[in-house]
Amino acid sequence: QLVESGGGSVRAGGSLRLSCVASEAIYNLHAMAWFRQAPGKQRELVATISDPDGAQYSFPVKGRFTISLDSAANTVYLEMNSLKPEDTAIYFCYAESQFDDGSAYEYWGQGTQVTVSS
């Protein structure tokens, strides 16, 4: 239901813009986020966006990455600037719905590869 695009290969210092489209409406959407997983490492949170908390970033990407949401288009973006080789990973889109009974439901995309060469 979540489809990422925009990954690719770039040299250090370059930029990429990832997009994630929800193919169907996500009801009771609470937050969307980007995670990444480098080879041999655990999946880690990169950035989240929600109402009313706004955008939040992990320390390694703060100041270089920007997450944004186009609610009308059901799309979340991740603008990545000043890319470093350590940003190389598969990037996953994530969405979470929350319901009045306290339950939650998670959605994950298939991932898009980002490779940064030195």
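Predicted model: local features only at pLDDT ≥ 70, side-chain atom pairs only at ≥ 80, totals over all residues.
Visitor: Let's start with the cysteines. What is a disulfide?

Guide: It is a covalent bond between the sulfur atoms of two cysteines.

Visitor: How many disulfides does the count come to here?

Guide: One. Cysteine 20 and cysteine 93 form it, with their sulfur atoms 2.0 Å apart. The pair links distant parts of the chain. Cysteine 20 is in strand β3, residues 16-22. Cysteine 93 is in strand β9, residues 89-98. They are 73 residues apart.

Visitor: Why is the disulfide of cysteine 20 and cysteine 93 called left-handed?

Guide: Look at the torsion about the S-S bond. It is about -85°, so the disulfide is left-handed.

Visitor: Are these cysteines buried or exposed?

Guide: Cysteine 20 is buried, because its relative accessible area is 0%. Cysteine 93 is buried too, with a relative accessible area of 0%.

Visitor: Now strands. What do side chains do along a regular strand?

Guide: They alternate between the two faces of the sheet. Take strand β9 as a place to look.

Visitor: Is serine 97 buried or exposed?

Guide: Serine 97 counts as buried, because its relative accessibility is 0%. Its side chain has a polar atom 2.8 Å from the backbone oxygen of tyrosine 27. Beyond its sequence neighbours up to four places away, serine 97 touches several residues, including Ile26, Tyr27, Asn28, Ser103 and Tyr107.

Visitor: And how does isoleucine 90 count?

Guide: As partly exposed, because its relative accessibility is 32%. Leaving out residues up to four places away in sequence, isoleucine 90 touches Phe35, Arg36, Gln37, Gly111, Thr112 and Gln113. The C-alpha atoms of isoleucine 90 and threonine 115 are separated by 8.5 Å. Along the chain these two are 25 residues apart.

Visitor: Back to β3. What does serine 19 touch?

Guide: Serine 19 lies in strand β3. Not counting residues up to four places away in sequence, it touches Val3, Glu4, Ser5, Trp34, Val76 and Tyr77. Serine 19 is buried, since its relative accessible area is 17% and the cut-off for buried is under 20%.

Visitor: In which sense do strands β5 and β6 pair?

Guide: In the antiparallel sense, over four bridges. Strand β5 covers residues 44-50, and strand β6 covers residues 54-57. A hairpin of three residues joins β5 to β6.

Visitor: On to the rings. How many aromatic pairs does the structure hold?

Guide: Four. Ring pairs link Phe35, Tyr94 and Trp108 into a cluster.

Visitor: Which ring faces does arginine 43 lie over?

Guide: Arginine 43 lies over the face of phenylalanine 92, at 3.7 Å from the ring centre. Arginine 43 also lies over the face of tryptophan 108, at 4.7 Å from the ring centre. Tryptophan 108 belongs to the ring cluster with Phe35 and Tyr94.

Visitor: What is phi near for asparagine 74?

Guide: It is near 50°, again a positive value in a residue other than glycine. Asparagine 74 sits in the loop between β7 (65-70) and β8 (75-80). It is partly exposed, with a relative accessible area of 29%.

Visitor: How far apart in sequence and in space are serine 15 and methionine 80?

Guide: They are 65 residues apart in sequence. In space they are 5.4 Å apart, C-alpha to C-alpha. Serine 15 touches Val10, Met80, Asn81, Ser82 and Leu83, not counting residues up to four places away in sequence.

Terms used: Residues numbered from 1 in each chain as written. Heavy atoms only, no water. Pairing = 2+ DSSP bridges. Helix = DSSP H or I, 4+ residues; strand = E, 2+ residues; numbered from the N terminus. Phe/Tyr/Trp six-rings, centres within 6.5 Å; stacked < 30°, edge-to-face > 60°. Lys NZ or Arg CZ within 6 Å of the ring centre and 35° of its normal. Disulfide = S-S within 2.5 Å. Buried < 20%, exposed > 50% of the residue type's maximum accessible area, 1.4 Å probe, protein only. Polar contact = N/O pair within 3.5 Å; in protein donor to acceptor, adjacent residues only side chain to side chain. Contact = heavy atoms within 4.5 Å.
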